[in-house]
Amino acid sequence: GMAVARAGIVLGAGEPVLPREGVVVRGALESLDLSGWRLPAGGAVTAGGSLSLTLADVHIGRLQVMGQTFADTTVRVQPDSGGWVVGLEGPDVAGGILLPAGPFRTVTARLDHLRLQPPPMNGARDKADSAAGADSGGLPALDIVAAEFFLRDQALGRMELLTRAADGETTIERAWLSGPLLDFKASGGWTRKTGRSQLVMQLHGNDAGRLLNALGYADAMRGGKISGSLDVSWEGRILEFSLAELTGRLDLRLTDGQILTVEPGAGRLFGLLSIAELPRRLSLNFSDLFGKGFAYDRIVAQLELADGDAYTRRFYMEGTAARVELDGRIGLAARDYDQRVTVIPKVSNTLPAIGAVTAGPVGIVAGLVTQKLLEKEINKLTRYRYRVAGSWDAPHIEPMATADAVEQTEPLAQEGTP
């Protein structure tokens, strides 16, 4: 019978050219979703035992891989040493990838640049790519280095990711990111025995506002140094990360920045109501204290995560105009609030000026002494307590009784500011 020895294939417009051997695929595709796809082991795609793929060189307008979309990418695939060599060139990714034969061997990538979109922080679980296999925790063995890593349009520096996969277990040995804006490191893993994943991470950043922009919270904050740690676990594989199913702890500390006034529905991090939104919604007029936002000296947030909720163990914002304290629950699964917010204007800051007017230089000294002696009592008398409840997009805010507010906020005030 007749056998096909070689073939040329064109995707889209154009005329195919017959190669010297094997099968060559060229052309362009408008889109291609590789979720669930695998190149065969052994570095050969055969037909009838004699015809094999020797080259694929295709331009893809919209390439989807593991939940990420890469625009206008040229993909070049060739067999090599029992595996596959993949070359990528596009605005979102450029470099080379080695795909070895065998289910648990390491995929190696050396990239000139890589641009990713952060996953939606909406509490919904993302299903892991089935191609990774149920025994690999949804994540294959990886050795990835990207010389330039971008989150959206924000350059974050050099990125390295090293994972190991074996039967029934995946380990994130190193996830590392270093640049002028952010230093980040993480480790974790997944085991089939427990069916749970764990992630431990630390970060230090020089501009929280730019970092939040990269995460999708545009114009939520200006400046601010940030440091924090996260230790969480969740039911499911690594790529099935879900805010609504996290259990663990989040600690954050920010200094010397400003929370900006933003439109409702924007500028929320972990479902927290923007403090700049609060004065516009409250019946009490705080415009003289907050202006167009809240300039803070420090923000301290300590949250416990469990059963789809985040509980504030300690959460306060300290600024020159006021101190704001939050206490209660944030619904990550239900996307709602049940919180008490205390606003303490720092009216005692005006005392030295009064002393200067009434008694000259002597009055300034007396005013400073008086301020130190009385500022805690004055601030305690000028505090306002509110309850915040309802959905993230349309919370209901109402003042709490004055007596109840003084009684309930004293423990927070006595806790002090580090």
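**Salt bridges in a predicted model**

Visitor: Which residue forms a salt bridge with Asp 92?

Guide: In this predicted model, the closest N and O atoms of the pair are 3.1 Å apart. Asp 92 sits in the loop between strand E7 (83–89) and strand E8 (93–99), and its partner lies 23 residues away in strand E9 (residues 107–116). That partner is Arg 115.

Visitor: Is Asp 92 buried or exposed?

Guide: The term buried applies under 20% relative accessible area. Asp 92 has a relative accessibility of 12%, so Asp 92 is buried.

Visitor: How many residues apart in sequence are the parts that Arg 196 and Glu 235 tie together?

Guide: Arg 196 and Glu 235 form a salt bridge, with 3.4 Å between the closest N and O atoms. Arg 196 belongs to strand E14 (residues 196–205) and Glu 235 to strand E15 (residues 221–235), so the parts tied together are separated in sequence by 39 residues.

Visitor: What is the relative accessible area of Glu 235?

Guide: Arg 196, its salt-bridge partner, is partly exposed at 28%. Glu 235 is also partly exposed, and its relative accessible area is 41%.

Visitor: What is the N to O distance in the salt bridge of Glu 318 and Arg 323?

Guide: Glu 318 is buried, with a relative accessible area of 8%, and Arg 323 is buried at 8%. Their side chains meet in a salt bridge with an N to O distance of 2.6 Å.

Visitor: Which residues are linked in a network of salt bridges?

Guide: The whole structure holds 19 salt bridges. The residues linked in a network are Arg 249, Asp 251, Glu 304 and Arg 313.

How values were computed:
Residues numbered from 1 in each chain as written. Predicted model: local features only at pLDDT ≥ 70, side-chain atom pairs only at ≥ 80, totals over all residues. Heavy atoms only, no water. Salt bridge = Lys/Arg side-chain N within 4 Å of Asp/Glu carboxyl O. Helix = DSSP H or I, 4+ residues; strand = E, 2+ residues; numbered from the N terminus. Buried < 20%, exposed > 50% of the residue type's maximum accessible area, 1.4 Å probe, protein only.
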